[in-house]
Amino acid sequence: MRLLHNPLPSPSPPLLTSFSPIKASILPKKSSFISHHKPLQQLLSTGVSFVLSLGLLVSAPVSIALESPSLQSSNSSLEVICRENEADEVYVKDTEVSKVVSNESIVEEAWQIVNDSFLNTSDRRSWSPESWLQKKDDILSSSIQTRSKAHDIIKRMLASLGDPYTRFLSPEQFSKMARYDMTGIGVNLRDVPDGNGGSKLKVLGLLLDGPAHNAGVRQGDELISVNGVDVLGKSSFEASSLLLGPNGTSVNIMVKHGNCGPVQSIDVERQSIAKTPVFYRLEQIENGSTSVGYVRLKEFNALARKDLVTAIKRLEGMGASSFVLDLRDNLGGLVQAGIEIAKLFLNEGDTVVILASSIWSISCSVIYTVGRDPQYTRNIVAEAPPLITAPVIVLVNKSTASASEIVATALHDNCRAVLVGDKTYGKGLIQSVFELPDGSGVVVTIGKYVTPNHMDINGNGVEPDFRNFPAWNEVNNHLSKCHKQQDG
């Protein structure tokens, strides 16, 4: 079982290059723009997740045991290398493990995922532990003869929840999510306690026959360093950023196999299929006396933050003194990417977003959730000074959703930007995508979020400050009068 997030159309422009002007009804009419794997196959038997936001966010990994009853193995050879204690994960050396998965086990695992993770955000009468347990008994009371029948049962089971975002993904739909690989080498990292009050980075899952797997990295390995940089104390998001690089280049990693295995230096060739979602150009206004950096972000994938930083720095170098961030028609993507991008514009200590669920354990890279009643909240804040302090206009429309709304409201509520355009979509729920043993998946609502000003945008959307593109003096005047809401 693994976790991921919602698929989005894949953009295919060259990295951070200029692009032909798009039709933008709210952009000034008079302006001069200058612009200087393999398919995702199968994760090893472990929960892997990416928090997504578009209609989905991937939630944090929920690993399954190698002996999971939903996976019936035959002709398998698993050699246990070492185990220091019962709580530790086992490092296994896999040799052509062949799994025979029953239709009943696929349905049961989908049922279990909902039982463990689903957050009912609407009519509470549509879900209860008792009714859900009865549904399991009814569904599994007779044998399921075909795989298509199993998939149909899962679809009906999820539909009964009454949640428009909780749904089934076919193997073909699930396979399109490889571009959300945050590392470029096909591994999913997780922060875990090191037993001494700190944390270490473990390989929670990896793509079978992916770059890291083929180079010798295995589930349960501890990541020690990347290109000689010690990752001790770094978050999984920070480590993933170190691993990213151009396709075809190599990255050296030091890994410790298992809990008591040897430390090995491994060179891995990067094979990311993610394409840049960032486009930028420089606009000259006021008869060429002022330069504005225009940046369009099409989705929040694994390259979004890195490429956005590059674009902003290049535009600053070209003389941009203010910025336009275009989030129109951006349906979302990786939630952690949205959070990290928002931090680029915020002052240290500013609230990015407020996440709510029954239990949240949050790192910089992933969000973990258990249960169903949103009893706990957690403020995600910026930990460093902003990349830029220049005024920002954020362009939004009815298709600005999820992670895009996180970014837009974070900048707006912290008086860093004005919103221009149309009311946003209004999606304040968080989904996780879990892989099932046959390569299909289920998308499950696992949490929700509100804006820094405690506004629940789900089903409501966010109204812009301006419908039409304002003059920059209006923007500066609006921001000068803006006051952040005090916590509490």
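The model is predicted, so local features need pLDDT of at least 70, side-chain atom pairs count only at pLDDT 80 or more, and totals for chains, interfaces and linings use all residues. Residues are numbered from 1 along each chain as its sequence is written, and side-chain values use heavy atoms, with hydrogens and water left out.

**Helix 1 and helix 2**

Helices (H or I, at least four residues) and strands (E, at least two) are DSSP runs, numbered from the N terminus. Helix 1 spans residues 103-117, and helix 2 spans residues 129-139. They pack at an angle of about 180 degrees, with axes 11 Å apart. Axes are lines fitted to C-alpha atoms, for helices over the stretch in contact, and angles run from 0 to 180 degrees between N-to-C directions. Helix 1 and helix 2 are therefore roughly antiparallel (angles over 145 degrees).

Contact means heavy atoms within 4.5 Å. Helix 1 brings Val 107, Glu 108, Trp 111, Val 114 and Asn 115. Helix 2 answers with Trp 132, Leu 133, Lys 136 and Ile 139. Six of these contact residues are nonpolar, one is polar and two are charged. Here Ala, Val, Leu, Ile, Met, Phe, Trp, Tyr, Cys and Pro count as nonpolar, Asp, Glu, Lys and Arg as charged, and the others, Gly among them, as polar.

**Buried sides**

Buried means under 20% relative accessible area, exposed over 50%, and partly exposed in between (1.4 Å probe, protein chains only). The arc is that of the directions from the helix axis to the C-beta atoms.

| Helix 2 | Trp 132, Lys 136, Ile 139 | 75 degrees |

**The disulfide**

A search of the whole structure finds one disulfide (a pair of cysteine sulfur atoms within 2.5 Å). Cys 415 and Cys 482 form the disulfide, with sulfur atoms 2.0 Å apart. The link is left-handed, with -70 degrees about the S-S bond. Cys 415 sits in the loop between helix 9 (403-413) and strand 22. Cys 482 lies in the segment after helix 10, 67 residues apart from Cys 415. Cys 415 counts as buried at 16% relative accessibility, whereas Cys 482 is partly exposed at 25%.

Terms used:
Parallel < 35°, antiparallel > 145°, perpendicular 65-115°, else oblique.
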